[in-house]
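Dear colleague,

Here is the structure for your files. My notes on it follow below.

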Amino acid sequence: METARPASPASPETVRVTNPGGASPFVLTCDHASNFLPPEFGTLGLPTEDLSRHIAWDPGALPVAHRMAAALDATLVETRISRLVIDCNRPLDAPDLVPPVSETTVIPGNAGLSDKQRAARIDLSWRPFHDSIAGIIDERLARGQETRLVSVHSFTPVYKGKSRPWHIGIIHDEDRRLAAPLIAALKRLAGVTVGVNEPYSPADRVYFTLERHARSRGLACAMIEIRNDEISGEAGQRRWADLLTGIFSDLEPEEASGSRQRAVG
């Protein structure tokens with residue numbers, strides 16, 4: 001399993017864009033890519049070992065996303081600050097935007113924040129992440145480049161004592177243009193258990209980045225969740241990245257009939 005990145009003043013960037021001019025129709029995001037805590041936050045009152053847990057990030061998701069982006073010639077936008085500081089995949093009015101509790105773990109350093117402290121965290125990580133995605137998509141659409149948005153995440157094998165049997169889950173709302181062919185392709189893989197809106201669904205408020213940047217513009221989108229024991233090492237990361245790259249290389253969205261289309265905004 002990957003370990004926590006040490007807090008270091010040598011890591012000032014809070015969002016990173018890889019291959020901004022990618023020719024692929026796919027733009028990838030990794031909303032929980034890092035467990036980095038800037039020095040001013042210390043450990044938020046947590047034991048250091050907690051910073052390697054899923055509460056701090058999505059272990060394995062970033063290596064998969066990087067490999068996919070390189071193979072597909074896709075753009076990748078990743079967070080560089082732990083979601084313990086602020087969760088970039090949440091709206092600004094979400095109660096867990098700055099989580100006081102993650103799963104069953106209390107985050108002491110997130111208790112009793114002032115409006116000023118909360119705003120500082122938004123400006124540190126949330127706003128640069130979403131501004132970067134918006135800018136990339138706006139530039140692509142302005143030059144007429146087809147754009148499909150895919151977010152890459154990982155999930156725990158067990159959550160609050162309940163085992164999760166899925167190797168990979170595809171999360172979508174009523175617009176299934178991208179999700180439907182992706183799910184169909186994954187279900188053809190031998191030995192792979194595919195979750196459809198499992199282990200999460202948009203009702204769990206995990207679809208914010210895609211709602212904000214894809215659904216608002218009428219763009220095809222989907223969310224990928226890979227069980228993190230599948231991608232805890234390089235071999236698993238390579239396997240899943242290569243499997244998904246092979247699928248995405250030939251993936252064409254379904255027609256939009258039957259899905260609710262929102263106005264471009």
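Predicted model: local features only at pLDDT ≥ 70, side-chain atom pairs only at ≥ 80, totals over all residues.

**Strand β6 and the chain around it**

In β11, serine 154 has isoleucine 226 as its bridge partner.

The pairing of β6 with strand β11 (residues 221-227) is parallel and runs over seven bridges. Strand β2 (residues 26-30) also pairs with β6 in the parallel sense, over four bridges. There, valine 150 in β6 stands opposite leucine 28.

Strand β6 covers residues 148-155, and eight of its eight residues are buried. Side chains in a regular strand alternate between the two faces of the sheet. In β6, Arg148, Val150, Val152 and Ser154 point one way, while Leu149, Ser151, His153 and Phe155 point the other way. Both sets are buried, Arg148 and His153 included.

Now the chain as a whole. The protein chain contains five helices and 11 strands. Its radius of gyration is 18 Å, which agrees with the value near 18 Å that a compact globule of 265 residues would have. The C-alpha trace spans about 50 × 40 × 35 Å along its principal axes.

Of the 265 residues, 53% count as buried. Among contacts with a separation of 6 or more, 82% are between residues 24 or more positions apart. The accessible surface comes to about 11100 Å², and carbon and sulfur atoms hold 52% of that.

On charge, the protein chain has 30 positive and 34 negative side chains. The centres of these two sets lie 2 Å apart.

Regards

Definitions and conventions. Residues numbered from 1 in each chain as written. Heavy atoms only, no water. Helix = DSSP H or I, 4+ residues; strand = E, 2+ residues; numbered from the N terminus. Rg over C-alpha atoms; globule rule 2.2 N^0.38 Å. Buried < 20%, exposed > 50% of the residue type's maximum accessible area, 1.4 Å probe, protein only. Contact = heavy atoms within 4.5 Å. Areas by Shrake-Rupley, 256 points an atom, 1.4 Å probe, with all protein chains shown as cover. Lys, Arg positive; Asp, Glu negative; His and termini not counted. Charge placed at Lys NZ, Arg CZ, Asp CG, Glu CD. Pairing = 2+ DSSP bridges.
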